[in-house]
Amino acid sequence: MVLKNYPLDSLNTFGLKAKAALYCEIDSAETLASLWKSNLFVMNKPLVLGGGSNLLFLKDYIGIVLKNNLRGREVLQEGEESVQIELGAGENWHQAVLWTLEQGWGGLENLSFIPGTVGAAPIQNIGAYGVELESVFESLTAFDMLYGTTVEFNKVQCAFGYRESIFKKTENKGRYFILSVRLRLNKHHQPKMDYGDIKAVLERKSISNPGIKEVSNAVIEIRQSKLPDPAVLGNSGSFFKNPVVSKTIAEKIRANYPEVKIFEVDEERVKIPAGWLIEASGWKGKRIGNVGMHEKQALVLVNYGNATGAELWEHAQKVIDDIENRFGIRLQPEVNVIG
Ligand code: NAP
């Protein structure tokens with residue numbers, strides 16, 4: 001059922017007051033196809049809403065918001081070594097990860113506790129603690145809202161990169177509604193623990209030979225200790241992408257800031273944590289009115305009270321401009337800014 005003037009306050013983790021001119025919950029591919037056939041998307045630009053954890057509404061949305069409610073967890077194929085599963089794109093990502101771990105299938109443990117839905121995962125090739133979605137990804141099915149067809153994308157066609165995929169290209173924004181995602185997980189999995197604090201947490205707990213569940217618990221603990229709970233403080237997780245820059249730029253920064261964190265990407269490029277740039281510029285924990293970058297995790301933009309989307313965006317712009325002036329790096333938002 002298509003609803004009018006629908007409030008989105010509880011459907012975005014910043015807790016912003018915004019309305020959708022039109023709103024519809026999608027619980028089957030058929031519902032979506034029939035909306036397409038009624039030509040609704042021609043006059044009303046669709047916006048797909050998953051967990052609402054990657055959105056900043058600057059004002060009301062004048063098109064149609066499509067809430068992805070497609071559920072399903074299915075084993076498509078099982079062998080000695082691995083299992084192929086299919087997940088409905090509206091499934092909660094973390095709950096789906098926990099389900100795979102309970103079955104004893106490895107591959108997603110480092111991606112525990114990431115907010116959002118399964119359908120959002122391939123869009124930015126979610127990654128954490130040295131693992132990216134593409135390492136387990138096989139294919140997905142999507143509805144093309146331009147041509148009204150159902151299409152399949154394999155891994156190559158998704159063109160995954162660092163927090164990148166074909167779905168983030170300007171010409172594809174808002175074009176595809178992801179229906180389901182297929183992953184291949186391992187039955188005898190060697191978890192990856194050589195990243196960040198994972199090993200330290202396991203050592204503190206005296207876990208010497210951790211399995212996937214223990215690694216997942218360590219990741220959850222690390223994330224919970226740093227990230228504010230959106231139910232308490234409105235936020236959308238990491239607000240900015242970690243910039244990938246040339247080694248020349250990084251070396252110039254290192255000359256003035258020997259403590260800068262630099263991670264090699266390839267022969268020419270390195271990654272500098274956006275959180276480090278924000279902290280080094282004095283924005284970490286600094287609150288202005290209703291907004292600020294979080295005190296424990298500089299990358300998280302926080303709505304401390306009744307901030308509007310415009311206030312949050314204005315603050316983000318100040319941070320972006322200041323960092324560009326200091327370091328010559330222009331941060332890009334990771335969240336989708338809906339203006
Ligand atoms: P963090 O672990 O403090 O890392 C900050 C930055 O340093 C990231 O760019 C990270 O690269 C890089 N880094 C740290 N240790 C590294 C290592 N051993 N090798 C290579 N690069 C290293 O970041 P955080 O903000 O607390 O987040 C924790 C993890 O969750 C990170 O992996 C982060 O990327 C991930 N995360 C992902 C998303 C998303 O997928 N949209 C959103 C929020 C956080 P990587 O980004 O390659 O890890």
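Two strands pair if DSSP finds at least two bridges between them. Strand β15 and strand β16 (residues 269–271) meet that criterion, being joined by two bridges in the antiparallel sense. The model is a predicted one.

- The shell around the ligand comprises 18 residues, of which Y162, R163, Y195, K226 and K271 come nearest.
- By residue class, the shell divides into eight nonpolar, five polar and five charged residues.
- Two of the contributing elements are β8 (127–128) and α7 (212–226), each of which supplies at least two residues of the shell.
- The side chain of Y162 places an N or O atom 2.5 Å from an oxygen atom of the ligand.
- The side chain of Q297 likewise has an N or O atom lying 2.9 Å from a ligand oxygen atom.
- For G127, the atom concerned is a backbone N or O atom, which is 3.1 Å from an oxygen atom of the ligand.
- The ligand taken alone exposes 810 Å², and the protein buries 79% of that area.

**The sheet of β14, β15 and β16**

- This open sheet has three strands in the order β14-β16-β15, with antiparallel pairing.
- β14 (244–246) and β15 (263–264) stand at the edges with a single partner strand each, so one side of each strand has no neighbour in the sheet.

**Strand β5 and its partners**

- Strand β5 (residues 61–68) has seven of its eight residues buried, so the strand is largely enclosed by the rest of the structure.
- Strand β2 (residues 19–26) runs parallel to β5 and is joined to it by six bridges.

**Residues with positive phi**

- Most residues other than glycine have a negative phi.
- Y129 has a positive phi, near 50°, although the residue is not glycine.
- Y129 is located in the loop between β8 and β9 (131–132).
- With a relative accessible area of 12%, Y129 is buried, because the cut-off for that class is under 20%.
- S206 is another residue other than glycine with a positive phi, in this case near 55°.
- The position of S206 is in the loop between α6 (198–204) and α7.
- S206 has a relative accessible area of 65% and is therefore exposed, the threshold being over 50%.

**Cysteines**

- Zero disulfides are found in a search of the whole structure.
- C24 has a relative accessible area of 1% and is buried.
- C158 is also classed as buried, with a relative accessibility of 0%.

- V201 is a residue of helix α6, and its relative accessibility of 8% classes it as buried.
- Between V201 and S139 there are 62 residues of sequence separation and 34 Å in space, C-alpha to C-alpha.
- E203 also lies in helix α6, but at 60% relative accessibility E203 counts as exposed.
- The C-alpha atoms of E203 and G116 are separated by 30 Å, with the two residues 87 apart along the chain.
- S208 is placed in the loop between α6 and α7, where its relative accessibility of 72% makes it exposed.
- S208 and L66 are 142 residues apart along the chain, and their C-alpha atoms are separated by 46 Å.

Technical notes: Residues are numbered from 1 along each chain as its sequence is written. This is a predicted model: local features need pLDDT of at least 70, side-chain atom pairs count only at pLDDT 80 or more; totals for chains, interfaces and linings use all residues. Side-chain values use heavy atoms; hydrogens and water are left out. A disulfide is a pair of cysteine sulfur atoms within 2.5 Å. Buried means under 20% relative accessible area, exposed over 50%, partly exposed in between (1.4 Å probe, protein chains only). A residue is near a molecule or strand if one of its heavy atoms lies within 4 Å of it. A polar contact is a pair of N or O atoms within 3.5 Å; within protein, one must be able to donate a hydrogen and the other to accept it, and residues adjacent in sequence count only if both atoms are side-chain atoms. Accessible areas come from the Shrake-Rupley method with a 1.4 Å probe; for residues, only the protein chains shown count as cover. Helices (H or I, at least four residues) and strands (E, at least two) are DSSP runs, numbered from the N terminus. Ala, Val, Leu, Ile, Met, Phe, Trp, Tyr, Cys and Pro count as nonpolar, Asp, Glu, Lys and Arg as charged, and the others, Gly among them, as polar.
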